[in-house]
Amino acid sequence: MKYYLLGIKGAGMSALAGILHDLGNTVVGYDDSTEYKFTLDGLEKRGITIYHDQSFTPDKDYMVCFSNAIKDAHPEIIRMKELGLKLIRYQDLIGSLTTRFETISVAGTHGKTTTSLMISNIMDEAFGCDYFVGDGRGHADPKNKLFILESCEYNKHFLEYYPETLVVTNIELEHTECYKDLDDIIYNFNLLANQTHEYLVLCGDDPNVRKIKCDKQVFYYGLDESNDLVAKNVEYSNEGTTFDAYFRGELYGTFSLNVFGKHMVLDSLAAIMVSILYNVDKKIVKEKLINFSGAVRRFNETKIGETIIIDDYAHHPTEIAATLDAAMQKYPDRGLIAVFLPNTYSRTRDFMDSFAEVFNGFDYSYIMDIKCDREDPADYPGVTSDSLIEKINHSSKISTETLNKLLKHRGQVICFMSCANISPVIEEFKKVLKR
């Protein structure tokens with residue numbers, strides 16, 4: 001098959017491109033953006049050509065797959081329709097892959113990427129597996145039977161998937177531009193659970209996850225004693241985290257992590273529970289977890305002099321709190337500074353107070369102008385980064401042009417956070433810092 005992928009530099013689309021390429025297909029891409037994104041690494045490694053104009057004309061054998069960042073009025077969509085080519089949305093194409101392989105689907109408001117990658121690392125070592133991870137990583141081998149799939153709830157995409165096993169890390173209010181309220185989100189997670197074929201691996205510490213009801217085999221994990229798999233004797237230090245995992249009252253093993261925060265313990269418990277269900281050698285699980293270094297743009301660290309720069313995908317108040325928690329664990333004696341690029345006006349509006357509360361946990365917070373490609377700011381009057389700054393005790397505005405404000409925080413931990421492309425901001429700050 002031949003595929004022309006529109007919006008190929010997006011995290012999901014780049015992962016899909018890698019999978020299609022690895023399965024022996026011809027893959028060509030298009031993207032509006034010419035700037036560097038971390039997702040380019042896998043695409044360039046495979047030699048996938050990316051166009052930024054209309055100079056590529058696919059022949060009639062190409063299927064055109066487009067991301068949700070590409071709207072119906074986009075010139076490439078219009079041109080492809082005029083050429084009479086078949087168009088398919090990216091979640092529909094991924095959905096077709098779930099029927100081809102035995103799929104382990106990882107869903108949840110937060111922690112999907114890390115949990116998917118942990119499970120992928122373990123399963124790939126144990127059996128060999130294909131995987132689609134939201135940090136831009138995709139891999140496939142036609143000989144593999146297992147497919148680990150990060151499954152996003154945005155616009156109900158995950159309802160196109162039919163997994164054998166479903167992992168749900170948590171459920172919280174998010175994507176308020178797509179869902180009416182929390183009940184609507186829970187309802188759709190429940191739909192996904194009911195179209196899962198065999199196992200449910202659910203975070204039992206989350207009361208919203210506990211609301212999922214279906215007739216599948218359910219295994220709960222968490223820190224609470226009521227779960228099937230429980231982490232006990234958890235020890236947090238600036239070197240990492242260690243805990244004992246008990247499965248249904250019996251000690252399963254002691255595990256160590258070189259990543260930080262309570263959320264990492266929960267994510268690793270999900271991976272351990274899946275490993276138990278698939279009868280993976282315990283030694284493999286321990287080895288892969290202790291050597292786990294994190295996903296791309298999840299608490300990625302750079303040290304320049306005595307200054308620690310953290311690049312994190314956090315964009316929801318709960319995720320920012322998790323980044324703060326991890327930074328406090330690893331650097332308990334350092335000042336913690338936030339630099340936040342808000343993404344979407346709807347999220348900024350609907351979580352304004354929650355954002356303010358979590359940013360008040362930092363020593364100082366810098367907020368950039370809201371970035372959003374899919375919403376019109378005119379539809380959200382009064383929703384600006386300035387309105388958020390007014391609610392944060394110690395905060396101010398920052399931009400790429402005013403990064404010298406951060407120089408007074410030399411020697412501290414500076415956390416750059418956004419689901420938008422904040423990499424150019426970080427690179428510019430590194431230049432400022434070195435100068």
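1. In the contact between helix α1 and helix α4, where contact means heavy atoms within 4.5 Å, Gly12, Met13, Leu16, Ile19 and Leu20 of α1 meet Tyr90, Leu93, Ile94 and Leu97 of α4. These residues divide into eight nonpolar, one polar and no charged, with Ala, Val, Leu, Ile, Met, Phe, Trp, Tyr, Cys and Pro counted as nonpolar, Asp, Glu, Lys and Arg as charged, and the others, Gly among them, as polar.

2. This is a predicted model, in which local features need pLDDT of at least 70 and side-chain atom pairs count only at pLDDT 80 or more, while totals for chains, interfaces and linings use all residues. Residues are numbered from 1 along each chain as its sequence is written, and side-chain values use heavy atoms, with hydrogens and water left out.

3. Helix α1 (residues 11-22) and helix α4 (residues 90-98) pack at an angle of about 40°, their axes lying 11 Å apart; axes here are lines fitted to C-alpha atoms, for helices over the stretch in contact, and angles run from 0 to 180 degrees between N-to-C directions. The two helices are therefore oblique to each other, since angles under 35 degrees count as roughly parallel, over 145 as roughly antiparallel, 65 to 115 as roughly perpendicular and the rest as oblique.

4. The structure holds zero disulfides, a disulfide being a pair of cysteine sulfur atoms within 2.5 Å. For Cys415, the closest cysteine sulfur is that of Cys419, 16 Å away, which is too far for a bond. Cys415 also counts as buried, at 0% relative accessibility (buried means under 20% relative accessible area, exposed over 50%, partly exposed in between, with a 1.4 Å probe and protein chains only).

Conventions: Helices (H or I, at least four residues) and strands (E, at least two) are DSSP runs, numbered from the N terminus.
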